[in-house]
Every structure is written in structure tokens, then in C-alpha cells.
Amino acid sequence: MVSGSRWKARALFAVVVISLFRAFPSYDALRTKFVQEKWRDAQIKFDHPLLDTSRVFPPDSHEGKLTYRLAVPVLARVFHLHEGGILILSALAGVVLLYQVLVVARRVSGRRRVALLTCIAVSCAWPGETAFHELRGGYYDAIAICLSVSAFAASPFWAFALLWLAAWTDERALVAAPLLFLFGLLEGERFYQGRAGASIAAVLAYLPARAWMAAAFSYSLFPGAGIGLPVLWSQANVIPLAIWSALGGAWIVVALALPALLLQRRYVATAGLSA
């Protein structure tokens with residue numbers, strides 16, 4: 001019988017190899033003019049983490065939306081990280097993400113095979129690949145996803161801290177808060193002492209802090225164009241395709257889990273997974 005730690009190491013190695021094979025990182029793209037310009041723009045935020053990027057870059061550009069995405073720029077400023085350092089950090093985040101998926105899936109299912117197959121599904125989808133093939137500066141998706149998923153494997157205090165930090169990495173990480181809330185309830189934790197409460201606390205701690213920064217530094221509360229409900233409404237027709245392509249092979253897990261949960265009469269879990 002393979003020990004738990006050795007099994008995790010072997011499984012993690014396998015899924016990282018699969019993810020790299022699927023990602024096909026094109027490192028020669030780092031020499032292209034477009035990618036070099038992205039890194040020059042990102043370096044401006046690294047040098048001045050509190051810069052209001054919506055006043056420096058076009059409001060409808062990606063760079064114009066980076067004002068509140070402070071975690072990585074602050075880290076880069078403190079530790080003098082540049083292009084190479086951020087790429088290494090992103091790759092490490094990808095490895096940690098897959099490991100945390102393995103841990104959470106093993107804990108929930110109680111079976112190594114299910115955990116491995118779940119992790120392989122994630123490694124073949126965009127969340128498991130982006131850390132290895134996203135080479136443009138200013139894109140912190142992999143780090144934000146890593147922090148969000150790590151919250152599911154952490155104690156309530158660290159779940160709060162990780163989700164709060166993920167929101168400062170990319171505010172879209174707050175989408176994970178309802179999922180963490182549901183996960184905490186399904187784990188049978190007490191609300192005020194579990195991850196359900198931690199998810200709410202993280203949101204309540206982030207929003208006032210963001211409002212304070214907007215007032216203190218004269219930021220726009222929601223900088224940049226091309227965001228918000230009007231944009232979501234205009235793109236509503238492609239939402240089904242976006243959901244399908246984002247989950248990729250992970251739809252196999254959903255398709256098999258839903259009837260299993262229904263047979264067990266776990267209707268709350270079924271509704272949560274469907275949502």
C-alpha cells in the first residue's frame with residue numbers, strides 16, 4: 001500500500017505533467033512585441049502599486065482595470081520581482097492549485113481514485129492550465145484561483161485570509177465566496193466557526209476596504225470600461241458556451257455526481273452543484 005504522502009506526490013506529478021502537455025506553453029512568445037509591451041505596462045504597476053491605472057491606460061483596456069489588484073504588485077515591489085519572478089510565482093501557484101484540488105477532492109470523496117480523476121479533469125480545463133500558458137504581464141488569474149481553492153482546504157481563519165487576499169489579487173475571486181459558504185455548510189461546520197462564516201467575513205472585510213481606498217486615494221470605485229452588468233447583459237447569449245468551455249472535462253464529474261447525489265437524497269448538495 002502506497003503511503004498517503006507518497007501517493008499525493010505521484011498523483012501531483014502526473015497531473016502537472018498532464019496540465020503542461022495540455023497547456024503547450026509557448027515561451028518563445030515572451031520575445032514578441034505584444035507580450036513585451038504587456039510586461040512593460042505591468043512593471044509600471046509593480047513600481048507604483050497604488051497607481052490608479054484607469055487614469056494611465058485606456059479605460060477599456062485590461063491594464064485600466066488593475067487599480068485594485070494589489071496583491072501581486074505589492075509582492076513584486078517588496079521582493080523586487082520582475083517578469084521572471086512573476087512567471088515562476090504563477091507556475092508555483094498552478095502546482096499548488098492542483099495539489100489543493102487533490103486534497104479537497106480526497107477529503108470530500110474519501111477515495112483516491114475519485115480525487116485523482118477530479119484533479120485530472122481540472123488539469124485539462126482552463127483553471128488548471130492558465131498558470132503555465134498565460135505569459136502576459138498583468139494577468140493574475142492563476143494566483144487568484146490558487147488562493148481561492150486553497151481556502152477550501154484551510155481552517156476557517158486561513159480560509160478567510162486566503163479568500164480576502166484572492167480578492168485583492170483579482171476581484172473576480174469573490175465569485176468563490178458563495179461556493180465556500182455552501183462547502184462549509186455541507187461539511188457540517190458551525191456557521192460562526194466554519195468556512196461558511198469565513199466566506200461572508202472575507203466579503204465584508206474586502207468591500208469596505210475597497211471603498212476606503214477609493215475615498216482615500218480618489219480612485220474610481222469601479223474603474224475601467226467594459227465591465228459591469230450592461231456588459232454582462234450584452235454578452236448573455238454566449239454565457240452557456242463560456243460555462244461549457246470553462247469546465248471542459250470537469251463536466252464528466254458534474255454529470256456523474258448529480259445522479260449520485262440525488263440517489264443519496266442530498267438535495268442541498270445537488271442544488272449547490274447545479275448552481
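This is a predicted model: local features need pLDDT of at least 70, side-chain atom pairs count only at pLDDT 80 or more; totals for chains, interfaces and linings use all residues.
Good morning. How many cavities of 30 Å³ or more does the count give? The count comes to one, and the volume of this largest cavity is about 70 Å³. Its lining is formed by W39, I86, L87, S90, E134, R136, G137, G138, Y139, Y140 and I143. Which helix gives the most to that lining? The answer is helix α4, residues 83–109, with three residues. Sorted by class, the lining of the largest cavity has six nonpolar residues, three polar residues and two charged residues.

I turn now to the second largest pocket. This pocket holds about 220 Å³ of space. Among the residues that line the pocket are A71, V72, L75, L89, L92 and I143. At least two lining residues come from each of α3 (71–79), α4, α7 (141–153) and α8 (156–169). Helix α4 supplies the largest share, four residues. As for the classes, eleven residues of this lining are nonpolar, one is polar and none is charged. Please note that I143 lines the largest cavity and also lines the second largest pocket.

My last topic is a single side chain, that of K45. This residue belongs to helix α2, residues 33–47. K45 is buried, yet it has no salt bridge. Where is the nearest side chain of opposite charge? That side chain is D52, 7.1 Å away, whereas a salt bridge requires the charged atoms to lie within 4 Å. The side chain of K45 does, however, have a polar atom 2.7 Å from the backbone oxygen of P49.

Thank you for your attention.

Note on methods
Residues are numbered from 1 along each chain as its sequence is written. Side-chain values use heavy atoms; hydrogens and water are left out. On a 1 Å grid over the protein atoms alone, a cavity is a set of points where a 1.4 Å probe fits but cannot get out, and a pocket is an open set with protein on both sides within 12 Å along at least five of seven lines; lining residues have an atom within 4 Å of a point. Grid points are joined across faces, edges and corners, and a volume is the space filled by probe spheres set on the points. Ala, Val, Leu, Ile, Met, Phe, Trp, Tyr, Cys and Pro count as nonpolar, Asp, Glu, Lys and Arg as charged, and the others, Gly among them, as polar. Buried means under 20% relative accessible area, exposed over 50%, partly exposed in between (1.4 Å probe, protein chains only). Lys and Arg count as positive and Asp and Glu as negative; His and the chain ends are not counted. A polar contact is a pair of N or O atoms within 3.5 Å; within protein, one must be able to donate a hydrogen and the other to accept it, and residues adjacent in sequence count only if both atoms are side-chain atoms.
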